[in-house]
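Work through the following exercises with the sequence and the structure side by side. Try each task before you read its solution.

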Amino acid sequence: MSAPDKTDQTDMTDQTDMAGETLVIQGRGVVGGVAEGEAFVTRETVSGWGGIDARSGTITEQRHEKRGESFAGKVLVFPGAKGSSGWSHYFHATRRLGTAPKAMLFTVMTTKVALGAVVTRVPAVTEFDRDPFEVIEDGDWVRVDGDKGRVEVVKRPPRR
Amino acid sequence: MRLSDAEQAMLDGQEGQAKARAMDLLLRYGEALGAERMVEVAHVAGTWSATTPFVQAGLKRPDDFDSIFSRFNLDSDAVVEVPRAVVPTCQLIHGIDTRNYAAQGFSDDQADLQRASERFFGSRGVQWNSTCTPYQVGQTPLRGDHLAWMESSAVVYANAVLGARTNVEGRESTGAASITGRIPYFGLHIPANRFATHLVRVEVPVESMMDWGLLGYALGEMVAEDIPVLEGITCKPEPEWLKHFGAAAASSGGVEMYHIPGLTPEADSVEEALGGQAPRVVHRYGAAERRRAWEALNGANTRDDVNFVMLGCPHNSAKQMWRIAELLEGKRLHDGVALWVHTPRQIRHLCDESGITEIIEAAGALVMSDSCPAINRMLPEGTEVIATDSCKQAHYLPAISGKPTWFGGLEHCIEAALTGRFRGRPE
């Protein structure tokens, strides 16, 4: 993996002043390819089988902070997978049904999330040089290069 | 990733297209994990289910099993012929009960397709145990065996109770493992990764299946996917309680391995379970934690007029079937209430032959196999409020069906089936 490009990094102390700025996070590529989209960020792990509706890409798990929201066409930023071993099959389903996330960024490696990312065939990155949850918020524009393990984040304008 | 000569030969197509596609998937998967090599597996448990609308979508013939296998068991765009499994391989739970499919809402054609798929994959070495509990029906690995198993409740049982070694695999990786005999050497295959990092002090008695379910449900929330060692277990559990406990912990969290010194095979003491290290986190499980687990499962429920009771998640053992028969003998279900009791097809056969099915069904219940409502999303018509003795089922059914679901002990659930009211209490 190439070293992080320090020149692109910005002080993270005040996120509201960073609208439009590009931040870079470096990690390890899990699945190759390049994709970009709006960030869908959850600090809670996601269940595949029994936790998402593959027809719409919607989180359905009771008590999940993102219940009722869809990651379809977005960059899914999450800690990783939990629950049943149907995880990969259900994310595989999102690819075939056109509701897959554009890319996946996750922090906890497991067999479920690795196989899920592989069969969803979207760029995926893990093992970041900084905590992605400190950098990426819902609505930010995120470009993921799974070959280089590089993630570029354009902060969305602050909501007033 | 470093491949052996035999693995490289498979990847290069020297043993046919199917194995080449399988090794390609295992290589992509292994590199995603950061694994350095593959390991040979002694047993595979996965799914070759071929009847769901999702796997059937876009097929010219519904019995095009080669296409289904290629797409969903190998993640291959090229269609390959299904070769024979090279290691003992079994089918886990799937959607259709080939006896009671009509009650589940399936047609004769769907049941016929299910039977055809069983013959097709069966002739290629897949044993249709059709249960989430293969270890209850003869698919029982030895300590130290490397496995490629799906089904989170079976994986945690295999690792923690049997001392075999498997990660939670998926449909594609088990499909590839069955025809190559390989899986990435990662995670729980590696001895150093099998030690506990969390210590859980159990401060209340855990003496029934319901107690073990609640402990498991709380445990999953505490440790997520990490490995706990439990201290303070004073009662020797039955195998069925551990089955429920692991299933609950793998539903609320991602527990794939745990230690109970003096009971589970890989550690005789807390120190040994922790590998000589200090625990990273210490938790306590007391009356408040137990109560919280009950509330997490039941707290959102308001209506107690249960009209569907589900038992047997994970699938019931013969002992559990006999206990249910004892509780139902000579009684009738409340009007308008359905009771489905789930057990592996091999145990149902045993129950048929020994009169247990007759006792249970004389009360108006149905003995189901091969499936469960969470897997196939099929509930009895008119289901409004559900009760179950399974934390796992109670965790998933509200999300899947939108119906309120009560968790309680077996006796609470049988009472609900006989009276139409759920009266279970945490104490």
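**Exercise 1.** Find which residues of helix α18 of chain B are buried, and what they pack against.

*Solution.* Begin with the helix itself, which covers residues 410–419 of chain B; helices are DSSP runs of H or I with at least four residues, strands are runs of E with at least two, and both are numbered from the N terminus. Next apply the burial rule, by which a residue is buried if 20 or more other C-beta atoms lie within 10 Å of its own, exposed if 12 or fewer, and partly exposed in between, with C-beta atoms placed from the backbone. The buried residues of the helix are then H412(B), C413(B), I414(B), E415(B), A416(B) and A417(B). Finally look for their partners, where two residues are in contact if their C-beta atoms lie within 7 Å: the buried residues of α18(B) pack against β10 (308–311), α13 (318–328), β11 (338–342) and β13 (386–388) of chain B. Just after the helix, G420(B) has a positive phi of about 80°.

This is a predicted model, in which local features need pLDDT of at least 70 and side-chain atom pairs count only at pLDDT 80 or more, whereas totals for chains, interfaces and linings use all residues. Residues are numbered from 1 along each chain as its sequence is written, while chains are lettered from A and ligands numbered from 1 in the order in which they are written.

**Exercise 2.** Decide whether L188(B) is buried or exposed, and describe its surroundings.

*Solution.* First locate L188(B), which sits in the loop between β6 (182–184) and β7 (198–202) of chain B. Because L188(B) has 21 C-beta neighbours inside 10 Å, it counts as buried. Leaving aside neighbours within four places in sequence, its contacts include N159(B), R165(B), E256(B) and M257(B).

**Exercise 3.** Describe the side of chain B that touches chain A.

*Solution.* Start with the residue counts: chain B contributes 28 residues to the contact and chain A contributes 26. Sorted by class, the side has 13 nonpolar residues (Ala, Val, Leu, Ile, Met, Phe, Trp, Tyr, Cys and Pro), seven charged ones (Asp, Glu, Lys and Arg) and eight polar ones (the others, Gly among them).

**Exercise 4.** State how many helices and strands chain B has, and what share of its residues is buried.

*Solution.* Chain B holds 18 helices and 14 strands. Of its 427 residues, 57% count as buried.
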